[in-house]
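Me: I would like to learn how to read the pockets, cavities and sheet of a protein model, taking one feature at a time. Could you guide me through the one shown here?

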Amino acid sequence: MLVLVAPGQGAQTPGFMTPWLELPGAADRIAGWSEAIGLDLAHYGTKADADEIRDTAVAQPLLVAAGLLSASALDASPDLVAGHSVGEITAAALAGVVEDEAALRFVRTRGLGMAEAAAITETGMAALLGGEPEVTVPHLEKLGLTPANVNGGGQIVAAGTAAQIAALLDDMPEGVRRVVPLKVAGAFHTHHMAPAVDRLRDAAAALKVSDPKVTYVSNADGKTVATGDEVISRLVGQVANPVRWDLCMETFKALGVTAIVEAAPGGTLVGLAKRALPGVKTLALKTPDDLDAARALISEHAGA
């Protein structure tokens, strides 16, 4: 059984889209999406530096565009789909809940709304490596931080004000080996993002929505979602609530997933899976050179 997953913000690196644009028809698709959302995706995916693509309003559409482009090139029929944070919008499009261009318009609104919310207060995020959730989470809450991403595989991402992140660096929870500040421009998936929810809800009301054609696994609680309306409702609320990727991986295990392929720019989610799901085959789409290996893996594992 195969799950196709899509990464979240922070997976982008300068120039990562360059090889994907060399595929037949890819440049035209990106140009069309760029015109539709008023953002030059080709420029940001090939020529922009790390600071430019760190901008939430840029990074989020860029990641969804890359995920859709790589999944299209793969031309796979997964048994399940899921995405981490903004990658859930990629997954929704892959499941047929919304059309690709609608997904890009929706994520453009999401990115702009979250960027505006992040500008209200200086906030940030930091990854905690190691430790046990039952110890780490209460410690974070004591410092006023939110466990915004509970990723499994020994990783929790904390979010809060700049001062709270600084306090965490000086006061790490017992058992945590390292705290790594992340290159993101806000405290995503916390109450700091509440102003973006209303804006996204308005955008969602205009979407043409269909029920998922393949099993869709939600970040909110790791549960499968059967209707398109519920998928969109969860996408709206998720910007201000924690990502439970650990529960998504528990669902993968319970449903008998045997292989995971991560859409471009892949690497983060298969890394978590290698630690949390031993025995499950994994492959990350980083460049088109990975497509043949991914197709071979899919031929062995999809359609169980």
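Me: Which helices each supply at least two residues of the lining of the second largest pocket?

Reply: Bear in mind from the outset that this is a predicted model. The helices in question are H4 (56-74) and H5, and H4 gives the most, with three residues. The second largest pocket has a volume of about 220 Å³, and among the residues that line it are Leu4, Arg29, Leu68, Ala71, Ser72 and Asp75. By class, that lining has seven nonpolar, one polar and three charged residues.

Me: What volume does the largest pocket have, and which residues are the closest to its centre?

Reply: Its volume is about 650 Å³, and of the 33 residues that line the largest pocket, Gln9, Gly10, Ala11, Leu182 and Val184 are the closest to the centre. At least two lining residues each come from helix H3 (50-54), H6, H12 and the strands E3 (123-130), E4 (146-152), E5 (155-161) and E6 (176-181). The lining of this largest pocket divides into 16 nonpolar, 13 polar and four charged residues.

Me: How many cavities of 30 Å³ or more are there, and how do I read their linings?

Reply: A cavity is a space where the probe fits but cannot get out, whereas a pocket is open. The count here comes to three cavities of 30 Å³ or more. The largest cavity, with a volume of about 50 Å³, is lined by Ser85, Val86, Glu88, Ile89, Phe106, Arg110, Leu235 and Gln238, and the elements that give two or more residues to this lining are H5 (87-94), H6 (100-118) and H10 (228-238). Its lining holds four nonpolar, two polar and two charged residues, while that of the second largest cavity, of about 40 Å³, has eight nonpolar, no polar and no charged residues. H11 supplies the largest share of the latter lining, three residues.

Me: What is the order of the strands in the open sheet of six strands, and why is one side of E8 and of E10 left without a neighbour?

Reply: Strands of a sheet pair through backbone hydrogen bonds, in either a parallel or an antiparallel manner. In this sheet the order is E8-E7-E2-E1-E9-E10, with mixed pairing. E8 (224-225) and E10 (281-284) stand at the edges, each with a single partner strand, so one side of each has no neighbour in the sheet. E1 (residues 2-6) and E9 (residues 259-262) run parallel and are joined by four bridges, with leucine 4 standing opposite valine 261 in E9. Helix H11 (residues 245-254) lies across E1, E2, E7, E8 and E9, running at about 170° to E2.

Definitions and conventions. Residues are numbered from 1 along each chain as its sequence is written. This is a predicted model: local features need pLDDT of at least 70, side-chain atom pairs count only at pLDDT 80 or more; totals for chains, interfaces and linings use all residues. Side-chain values use heavy atoms; hydrogens and water are left out. Two strands pair if DSSP finds at least two bridges between them. Contact means heavy atoms within 4.5 Å. Axes are lines fitted to C-alpha atoms, for helices over the stretch in contact, and angles run from 0 to 180 degrees between N-to-C directions. On a 1 Å grid over the protein atoms alone, a cavity is a set of points where a 1.4 Å probe fits but cannot get out, and a pocket is an open set with protein on both sides within 12 Å along at least five of seven lines; lining residues have an atom within 4 Å of a point. Grid points are joined across faces, edges and corners, and a volume is the space filled by probe spheres set on the points. Ala, Val, Leu, Ile, Met, Phe, Trp, Tyr, Cys and Pro count as nonpolar, Asp, Glu, Lys and Arg as charged, and the others, Gly among them, as polar.
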